[in-house]
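Here is a report on one protein model, written for a first look. Keep the structure in view as you read.

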Amino acid sequence: MCTTHQTPANEAVAAADPQLMFRRKFLKYAGVAGAATAAGGLASCTTNPVTGRSQLLAFAPSEADLARAAQQSWNEVRRQTPTTNDPRYAGRLRNIGSRVSRGAGQANRNWDYAVFDQNTKNAFVLPGNRVGFFKGMMDFTDNDDQIAAIMGHEVGHVTGAHARERYSQMMLGQLAIAGGTMLAGSQLQRRCRQARSQRERNDCMRSAGRNTQYLQAALGMGFQLGVVLPYGRRQELESDQLGARYMARAGYDPYQAVRLWEKMGAESGGSRGPEFLATHPTPERRARELSDYITAQQKLGSRGFQQLDIPADA
Ligand SMILES: [Zn+2]
């Protein structure tokens, strides 16, 4: 079954104006509309050939359209942040990237790599196969295998279709809001007609106006967020395991991913770090989960790393 999640966009919009007169009703209707839309979405689930998981992609633009939209963000970040052409960084990352993408069976895609000349410990991937590393991230690693671990993780977000999935989840949330607004609006109008005084009618119409603003704000933030939306826990776990698979297939030591997480855990002291770390489980827990996964897969010999093993509660 294709599961859907409450989107952060939905929560953010709902929290934007706690004074809204019909907030409770509004949310109730939004819930009803959301359930209806989700039911519609169930018919449109897609099975990802890499993860074997059923995903809701129906509300996202095509991969090509999302890649075109991300081009702008990519250009912007490259304009704002200096990149380095130093072969110890840029050349090294390109080599590791091409080896990992071959390991992932994704060498036929056009990959774009950039190393940003900043001391940040972070890396990211944008739709259109654009992988960004900060110099600080590369400096933090002990060896190529650990860089390959991060690269594999980012490639996992691509093959897992995670950006389109997040986008689709967010759009579903917005459709629920739109549906909720229309339903609440019709209730509101009925109520406005029953107003006993002009003042009551005015108050009533003001609320209706706020509802409309809500809707516009919700729909307006759509595209921009779709490109840089944070990934969910399940997606992070998937990317960790896919990363280990790609490392193994590219001839890197997947246990170096575990070492990297342990090192990050020691560094961050269990607190939330940058995007690459910004997930609910602590780095220590991710290291443990990844270690268990790699050990189990390596026991399978040549049949290893063919399946993911994501806990049901993720
Ligand atoms: Zn990630």
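The buried residues of α4 are Leu93, Ile96, Gly97, Arg99, Val100, Ser101 and Gly103. A residue is buried if 20 or more other C-beta atoms lie within 10 Å of its own, exposed if 12 or fewer, and partly exposed in between, with C-beta atoms placed from the backbone. Helices (H or I, at least four residues) and strands (E, at least two) are DSSP runs, numbered from the N terminus.

This is a predicted model, in which local features need pLDDT of at least 70, side-chain atom pairs count only at pLDDT 80 or more, and totals for chains, interfaces and linings use all residues. Residues are numbered from 1 along each chain as its sequence is written.

What do the buried residues of α4 pack against? Their partners are β3 (112-116), β5 (130-134), α6 (144-159) and α10 (233-249). Contact has a cut-off: the C-beta atoms of two residues, placed from the backbone, lie within 7 Å. The 14 residues of α4 should span 20 Å at 1.5 Å a residue, and its end C-alpha atoms are 20 Å apart, which agrees. The expected span is 1.5 Å times one less than the number of residues. Just after α4, glycine 105 takes a positive phi of about 70 degrees.

## Confidence

The predictor's confidence in each residue is the pLDDT, from 0 to 100. The protein averages 79, and 71% of the residues score at least 70. Confidence is highest in α4 (residues 90-103), at a mean of 98, and lowest in α1 (residues 8-16), at 36. Over residues 4-34 pLDDT stays under 50. Residues 219-227 are also below 50. Where pLDDT is low, the predicted coordinates should not be read in detail.

## Helix packing

Two packed helices are described by the angle between their axes and the distance between the axes. Axes are lines fitted to C-alpha atoms, for helices over the stretch in contact, and angles run from 0 to 180 degrees between N-to-C directions.

| Pair | Angle | Axis distance |
|---|---|---|
| α6 and α10 | about 125 degrees | 7 Å |
| α4 and α6 | roughly 55 degrees | within 9 Å |

The angle makes α4 oblique to α6. Angles under 35 degrees count as roughly parallel, over 145 as roughly antiparallel, 65 to 115 as roughly perpendicular and the rest as oblique. The α4 and α6 crossing is right-handed. On the α4 side, the contact includes Leu93 and Ile96; on the α6 side, Ala148 and Met151 are among the residues. α6 also passes α10 in a right-handed crossing. A crossing is left-handed if the near helix is turned anticlockwise from the far one by less than a right angle, and right-handed if clockwise.

Helix α11 (residues 255-268) has buried residues too, among them Leu260, Trp261 and Met264. Their cover includes α6, α10 and α12 (283-299).

## Two residues with positive phi

Asparagine 129 has a positive phi of about 60 degrees although it is not a glycine. Asparagine 129 sits in the loop between β4 (123-126) and β5. Is asparagine 129 buried or exposed? Asparagine 129 is buried, with 20 other C-beta atoms within 10 Å. Phenylalanine 305, not a glycine either, has a positive phi of about 60 degrees. Phenylalanine 305 lies in the segment after α12, and counts as buried with 21 C-beta neighbours inside 10 Å.
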